[in-house]
Amino acid sequence: MTRGRFISVEGLDGAGKSTHLQWLVEHVRQQQLSVVQTREPGGTPLGEQLRTLLLNEAMHLETEALLMFAARNEHIQQVILPALQRGEWVLCDRFTDATYAYQCGGRGLDLAKFSQLEHWVQGRPEGLLEPDLTLIFDVPLEVSKARMANGRVLDRFEREQADFHARVRAAYLQRAKSAPQRIKVIDANRSIEAIQHELATILGPWLQEQA
Ligand code: TMP
């Protein structure tokens, strides 16, 4: 059986990625493919508990990074690998690129430490487990801020200052430059139709491969 495909979606809070992820899930399901939709931090009962802590409780910045990877380890072991091995597609709302963007870029933590954690948690005999494709939904900071301010109670990350979000965005764009084959930056400051058209074009070859 062919291994399923692993796709992650990323972006600033308020970039609209959840809406686009939902569309992607439907689009892939329409091709009669089995899809697991999941998210980080979270995706398992333990991971969801860690998510509640991460989004709400004050903690040391390195504790935050370690908990992100702890939740990720559980997620990989319990959900992602088993699904891929069953030949299903995994569509994940954020993965390790978010740690590089938020904990390295936003928080300014040491890149080398993350690389070690990444190899520990994602290392496999056949190589590093990474998404086959990552879509970064990119919007200017003002757009992200305006969408976040939409009457909700903001979480610990959303409450950060504009310069934090600027560093997160810059880190995402830098990450995309360093892995242009895997990471596609989508201009998410356009109409939904234009964005969906681009997503369908990007996914086309992946879907054909499975047909
Ligand atoms: P979400 O609201 O988009 O689901 O993500 C929850 C928050 O968690 C979001 O503000 C980004 C943050 N986050 C990190 O800081 N590091 C990570 O590795 C992940 C996966 C998320």
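Me: How many bridges join strand β1 to strand β6?

Reply: Strands of a sheet pair through backbone hydrogen bonds, either parallel or antiparallel. Here β1 (residues 6-11) and β6 (residues 133-138) run parallel and are joined by 5 bridges. Within β6, threonine 134 is the bridge partner of serine 8. Two strands count as paired if DSSP finds at least two bridges between them; helices (H or I, at least four residues) and strands (E, at least two) are DSSP runs, numbered from the N terminus. This is a predicted model, in which local features need pLDDT of at least 70 and side-chain atom pairs count only at pLDDT 80 or more, while totals for chains, interfaces and linings use all residues. Residues are numbered from 1 along each chain as its sequence is written, and side-chain values use heavy atoms, leaving out hydrogens and water.

Me: What is the order of the strands in the sheet, and which strands stand at the edges?

Reply: The open sheet has 5 strands in the order β2-β3-β1-β6-β7, with parallel pairing. At its edges stand β2 (35-39) and β7 (183-187); each has a single partner strand, so one side of each is left without a neighbour in the sheet. From one strand to the next, the twist averages 20 degrees. Helix α3 packs on the sheet and touches β1, β2 and β3 (89-93), its direction making about 160 degrees with that of β2. Contact here means heavy atoms within 4.5 Å; axes are lines fitted to C-alpha atoms, for helices over the stretch in contact, and angles between N-to-C directions run from 0 to 180 degrees.

Me: Which residues lie nearest the centre of the largest pocket?

Reply: Rolling a probe the size of a water molecule over the atoms shows where empty space is left. On a 1 Å grid over the protein atoms alone, a cavity is a set of points where a 1.4 Å probe fits but cannot get out, a pocket is an open set with protein on both sides within 12 Å along at least five of seven lines, and lining residues have an atom within 4 Å of a point. Of the 28 residues lining the largest pocket, Asp13, Lys17, Arg51, Asp93 and Arg94 lie nearest its centre. The largest share of this lining, 4 residues, comes from α4.

Me: Which residues line the largest cavity?

Reply: A search of the whole structure finds 2 cavities of 30 Å³ or more. The largest cavity is lined by Phe95, Thr96, Asp97, Glu118, Gln122, Glu130, Pro131, Arg175 and Arg182. Elements giving two or more residues to this lining are α4 and α5 (111-122).

Key. Grid points are joined across faces, edges and corners, and a volume is the space filled by probe spheres set on the points.
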